[in-house]
Structure formats: structure tokens, C-alpha cells
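Subject: A structure to look through

Dear colleague,

Please find the structure below, and keep it open while you read the notes that follow.

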Amino acid sequence: MSSSKQPAAPSISRSLATSERPASGAVAMQVRTDQLQLLFRQSFLATFGSVGGALALSWLQRDLGNHSVIAPWLIMLCLAGTIRLALFWAYSRSAPEQRTPARWEGVYWVTLVFIAGTWGIGAFLLMSSSNLLSQVITLFFAVGMAGSAISAYSAYRYMPLIAVGLVLLPTTLWLLAQPGTEQRLLAFTTLAFSAFVVRATRELSGALHSLLRLRRELEIEHRIASNAARTDELTGLNNLRAFKEQADTMFAYTRRYGVPLCALLLDIDHFKQINDTHGHAAGDKVLQAVVQRLKTTLREADLCGRLGGEEFGVLLAGTDMHEAVQIAEKLRLAVQAIEVPVNDTTLHVTISVGVAEADLACTDTATLLAQADAAMYQAKSNGRNRVHSSFAQAPGAMACHQ
């Protein structure tokens with residue numbers, strides 16, 4: 001048994017790689033998370049833009065608007081901007097698994113309403129009620145801020161609409177209520193622009209949502225295809241290619257940390273006779289029954305794969321030869337107890353197992369598997385349904401287990 005002080009063996013599972021598609025709700029949540037990430041990326045500069053726009057508007061209105069509003073308005077905007085920047089900092093410092101819509105969407109909405117409402121109400125209060133030029137300048141800046149909201153918050157459909165409404169409505173509604181033709185014309189022009197914003201926001205947000213969903217679906221399809229290329233279709237185990245890749249990784253790990261490593265090679269006895277007598281469908285049932293016993297008998301960290309036909313390979317990291325032989329014997333007994341009903345008969349299955357340990361002379365997984373393969377053929381030569389270990393070939397060593 002390996003020492004408890006040794007590093008834990010890499011958890012390379014022998015179970016089949018999942019190829020099931022996530023539920024639609026899970027995909028939708030992934031898309032919402034992507035939208036949230038896009039929102040934080042797109043809207044970072046909007047915080048500086050809102051304060052910068054207010055500074056420019058205040059400077060232009062210094063001789064036209066209500067001077068007493070400028071200082072409180074800018075202070076409130078700086079406060080709102082500071083809160084927004086603190087939110088961005090907290091988001092960037094959080095762990096990726098914590099960047100969820102449930103955690104961040106609500107607080108972002110609060111900062112959005114605060115900063116957009118402050119901007120819209122402050123611009124309205126700054127505007128002179130008796131100076132048309134002041135009104136035109138204010139509305140011009142408000143429309144500009146509303147336009148920037150389309151790109152800053154387009155990841156969510158309703159965020160730009162709320163931002164535009166909070167920025168434009170105070171000034172627009174006041175202009176609409178005025179008796180002057182010029183003021184009403186400005187108000188109707190702004191309302192026409194708002195209608196354009198609603199349509200543009202719907203189309204842009206819909207396109208972004210579709211692109212994010214398509215990206216997630218393509219990732220899922222790619223993962224499914226990748227798993228299919230590495231998984232044996234009949235048994236769900238690693239195929240030969242995947243087994244060898246993971247075996248090389250496990251071998252390098254055990255060499256690096258001085259962890260013992262053993263290999264098992266299993267072969268179903270008289271499998272060709274089963275196919276010839278009962279057909280390939282019966283052979284498939286036998287293979288699946290054997291694999292089920294492998295999955296229930298082996299440990300989570302053990303690596304298992306179908307190497308071809310009726311032959312299977314197992315790598316046991318953190319396991320010495322004595323324990324590996326015990327595991328192999330446990331597997332042999334588990335398979336020996338299998339009963340596979342086929343037509344009017346019941347098939348009984350046995351396996352021959354070869355065991356080898358990676359000693360200092362073993363330089364790679366190919367050498368280790370070759371030693372286990374030789375031991376397996378020795379088990380077959382000695383009568384099948386038995387375990388044979390590579391050290392059993394040494395004089396005086398225990399031979400086979402039956």
C-alpha cells in the first residue's frame with residue numbers, strides 16, 4: 001500500500017466521458033453569465049463618459065443655465081461614478097465561479113438607475129427655462145448620452161431603454177409641455193429618436209443574445225464530438241487513443257513523485273467462441289457486462305480503457321504489486337460471477353489477467369503494458385481464468401492465482 005504522505009494520484013476517471021447535452025435552462029444560465037461579462041466589459045468607459053459629459057455641459061451652460069445646480073450635480077455624479085467603479089473592481093476581483101447573474105445583476109441595476117437618473121434630473125435642473133439655446137444644448141448632450149447607452153448596455157435589452165428614459169424624459173417631457181413651437185419640435189424630435197433607440201436596442205440585444213447562445217451551443221457540440229472521438233461507443237470506456245494519452249500522463253506523474261504504478265491487462269476467455277456460437281449481439285452483451293463489473297470494482301482514480309476487441313487495460317496509480325494482484329483477483333472473481341442470458345441459455349464469463357509493476361527499468365507506459373501483456377498470455381497458457389503477475393516469472397516466486 002502506498003504511503004499516506006505521497007501526493008494523491010491524479011483523478012483520471014475510468015467512467016465514460018459524458019456526452020449528454022446540458023438542459024436548456026443550463027444553457028440559458030450560461031448565456032446570461034456571458035451577457036453579464038459582456039456588460040461589464042462594454043460599460044466600463046461609460047462611467048467616465050457620464051462625468052465627462054456633465055463637465056462639458058456645465059462649462060457650456062456657465063452663462064446660460066442655473067449655476068447653483070452645477071456643483072451638487074457634479075458631486076452626485078462623482079459619487080455615483082465612484083460606486084460604479086467600486087462595483088467594477090469588486091467584480092474583477094471575484095472568483096470566476098462567483099460572477100453569476102444572481103450575484104451581480106441586481107446591484108448593477110441599482111448603479112445604472114442611480115447614475116442615469118442623476119444625469120437626467122441634473123441636466124434638466126441645469127437647463128434654463130427661458131433660454132432656447134440652453135435648452136438645445138442640454139437636449140443635445142442628453143441625446144448624446146442616450147446614444148452611448150445603446151452600445152454600453154446592449155448586452156441587456158432593457159438596460160439601455162431604462163438608461164435612455166432616465167436621461168431624456170425629464171427634459172423631453174418639460175419641453176413637450178411648453179407652449180412654444182420650438183420646444184415642442186425639440187420634444188417630438190427626441191421622442192422620434194427614442195423610438196429609434198427602442199428598435200435598435202431590440203435588434204442589437206437580440207443579435208448579441210443569439211451570438212452568445214450559438215457560441216455556447218458550438219462549444220457543447222465540440223465537447224460532444226471530442227468525447228465521442230475518445231470514447232469506445234459500445235462500452236463507454238476510454239478508447240485506445242484516449243487510454244494511451246491518459247496513461248502517459250499518469251506514468252509521468254508517478255515517476256515525478258515516486259508513486260508506485262501497476263498495470264493490468266485483461267482478456268475475456270474464449271470470446272471468439274461466444275461470437276461464433278451465439279452471435280455478435282451476445283458478444284456485445286458480454287462485453288457490456290464485463291465493463292459494468294470493471295466500473296463497480298475499480299476505484300475512482302483507476303484508469304481503464306478498451307484496447308481492442310475483448311482486451312482491456314487498467315492503470316493503478318499509488319498501488320504496489322501486492323495490492324494490484326489483489327485488485328486483479330477481485331476483478332477475476334467479479335467477472336466469474338457474471339451470468340448473461342442469451343436466448344435459452346446463460347453464458348458464464350471468465351477473464352485472464354496479467355499484472356506488471358513499473359520498476360526503475362521501465363521507461364514508459366508501452367514497456368509497462370508490454371510486461372502486463374506478457375503476463376496475461378502466461379495466464380492464458382496456464383489454463384485461463386487466472387491472474388499472473390510479471391514478478392511470478394522469477395524463481396521461487398508465487399505463480400498464478402485461480
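**The largest pocket**

Helix α5 provides the largest share of the lining of the largest pocket, namely 6 residues. The model is a predicted one, in which local features need pLDDT of at least 70 and side-chain atom pairs count only at pLDDT 80 or more, while totals for chains, interfaces and linings use all residues. Residues are numbered from 1 along each chain as its sequence is written, and side-chain values use heavy atoms, with hydrogens and water left out.

Helices (H or I, at least four residues) and strands (E, at least two) are DSSP runs, numbered from the N terminus. A pocket is found on a 1 Å grid over the protein atoms alone, as an open set of points where a 1.4 Å probe fits, with protein on both sides within 12 Å along at least five of seven lines, and lining residues have an atom within 4 Å of a point. The largest pocket holds about 250 Å³ of space, where grid points are joined across faces, edges and corners and the volume is the space filled by probe spheres set on the points. Of the 20 residues that line this pocket, Ala46, Ser50, Met145, Ser148 and Tyr153 are the closest to its centre. The helices α2, α4, α5 and α6 each supply at least two residues of the lining.

**Two nonpolar cores**

A nonpolar core is a set of buried Ala, Val, Leu, Ile, Met, Phe, Trp, Tyr and Cys residues joined through side-chain atoms within 4.5 Å. Buried means under 20% relative accessible area, exposed means over 50%, and partly exposed lies in between (1.4 Å probe, protein chains only).

The largest nonpolar core has 41 residues, of which Leu39, Phe40, Leu57, Trp73, Tyr108, Trp119 and Tyr153 touch the most other members. At least two residues of this core come from each of α1 (24-42), α2 (44-60), α3 (67-93), α4 (101-126), α5 (132-152), α6 (158-176) and α7 (181-230), and α3 gives the most, with 9 residues. A second, separate core has 34 residues, including Ile274, Val291, Val325 and Val387.

Contact means heavy atoms within 4.5 Å, and Phe40, leaving aside its neighbours within four places in sequence, is in contact with Leu87, Phe88, Tyr91, Trp104 and Tyr108. Among the buried residues of α3 are Trp73, Leu87, Phe88 and Tyr91.

The expected span of a helix is 1.5 Å times one less than its number of residues. For the 27 residues of α3 this should give 39 Å, and because its end C-alpha atoms are 40 Å apart, the two values agree. Helix α11 (residues 321-336) has 16 residues and reaches 22 Å from its first C-alpha to its last, close to the 22 Å expected. The buried residues of α11 include Val325, as well as Glu323, Glu329 and Arg332.

Ile268 is in strand β1 and counts as buried, at 1% relative accessibility. Not counting residues up to four places away in sequence, Ile268 touches Val286, Leu287, Val290, Glu310, Phe312, Val349, Thr350, Ile351 and Lys380.

Ser352, in strand β6 (residues 351-357), is buried with a relative accessible area of 0%. Its contacts, again without residues up to four places away in sequence, include Asp267, Asp269, Lys380, Arg384 and Asn385. The side chain of Ser352 reaches the backbone nitrogen of Asn385 at 3.4 Å.

**Loops and an exposed residue**

Most residues other than glycine have a negative phi. His270, however, has a positive phi of about 55°; this residue is found in the loop between β1 and α9, and is partly exposed at 44% relative accessibility. Arg384 also has a positive phi, near 65°, and its place is in the loop between α12 (365-381) and β7 (387-389), where it is partly exposed with a relative accessible area of 30%.

Asp276 lies in helix α9 (residues 271-278) and is exposed, with a relative accessible area of 56%. The side chain of Asp276 makes a polar contact with the side chain of Lys272 at 2.8 Å; a polar contact is a pair of N or O atoms within 3.5 Å, where, within protein, one must be able to donate a hydrogen and the other to accept it, and residues adjacent in sequence count only if both atoms are side-chain atoms.

With best wishes
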